[in-house]
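Below are some notes for a colleague who is meeting this structure for the first time. Please keep the sequence and the model open while reading the numbered points.

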Amino acid sequence: MKKMTHFLVVLILAAGAGTVNAVPINVNGLEWLQPVDFVNLSWNDISPVCDPTSGACTGLLNGVDVTGYTWADVDDMNGLFNHYLGAEDTMGPGPDRFRTFDIIAADTFFADGWEHQNLDTFFKDLFGWTRSSFDSALCTGLCGGLAGLQNVVFDPPGFRNPDLIFTDASRLKNRPQSNIGAWLYRDEPEQPPQIPIPATLPLLGLGLAALGYNRRKHKLPN
């Protein structure tokens, strides 16, 4: 029986090991899911779950329940990256080709816990579909149009162009890619009020003392 119980515990732990998702990131009152949880989905795969007009999401994406989240548009993403860029060089409004992340901003970005895909030995990239899109006259009817994309590229210092952010619309809506996820956010959930444990201990002790006194009183002879 013990062997069977041990086997079941190991089996449950092994099954759960593949379902761990990246930890959400809280920025300026918003909770962001990480793009790495939604790779291998095209813009067209995401749009039935997350409305391209309102951004409202209902259902599962890559096994993650995104109900209550919003699919970010380009301006949402500009706001996120402007948090890290600061006031000197900001993104938007609307799409930009790229902006440069200074080293401090880049360090702060990943220090917050954002996870990236290692595409090769040189680049660290974090891609995600936004819901912003447009249909190019060249592609309409042929390749499904183009969709908005935010691309954080961190090259090693001294190599090519280090620490760039791209806001682009050059990816085909109908083509999933293993290094592209999606940018989703919601209002940061309210945390339940925490009762200070030290303050409850004296009350507990007082209650136990009163209970003991009451029991002792009833046992005393008249």
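1. A residue is called buried here when its relative accessible area is under 20%, exposed when that area is over 50%, and partly exposed in between. With that cut-off, buried residues make up 36% of the 222 residues in the protein. The model is a predicted one, which should be kept in mind throughout.

2. As for the overall make-up, the secondary structure comes to five helices and 12 strands. The accessible surface of the protein is about 13600 Å², and 60% of this area belongs to carbon and sulfur atoms. Among the contacts in the protein with a separation of 6 or more, 64% are accounted for by residues 24 or more positions apart.

3. The pairing of strand 1 with strand 2 (residues 30–33) is antiparallel and runs over three bridges, and within it N26 stands opposite E31 of strand 2.

4. Is N151 buried or exposed? Its place is in strand 9 (residues 146–154), and its relative accessible area is 11%, under the 20% cut-off, so N151 counts as buried. Setting aside the neighbours within four places in sequence, N151 is in contact with D125, L126 and F127, and also with L164, I165 and F166.

5. P93 lies in the loop between helix 3 (74–85) and strand 6 (99–100).

6. Which phi value does N40 have? The phi of N40 is near 70°, a positive value in a residue that is not glycine. N40 is located in the loop between strand 2 and helix 2 (43–46), and with a relative accessible area of 47% it is partly exposed.

7. N62 likewise is not a glycine, and has a positive phi of about 50°. The loop that holds N62 runs between strand 3 (60–61) and strand 4 (64–65), and N62, with a relative accessible area of 41%, is partly exposed.

Notes: Residues numbered from 1 in each chain as written. Predicted model: local features only at pLDDT ≥ 70, side-chain atom pairs only at ≥ 80, totals over all residues. Heavy atoms only, no water. Pairing = 2+ DSSP bridges. Helix = DSSP H or I, 4+ residues; strand = E, 2+ residues; numbered from the N terminus. Buried < 20%, exposed > 50% of the residue type's maximum accessible area, 1.4 Å probe, protein only. Contact = heavy atoms within 4.5 Å. Areas by Shrake-Rupley, 256 points an atom, 1.4 Å probe, with all protein chains shown as cover.
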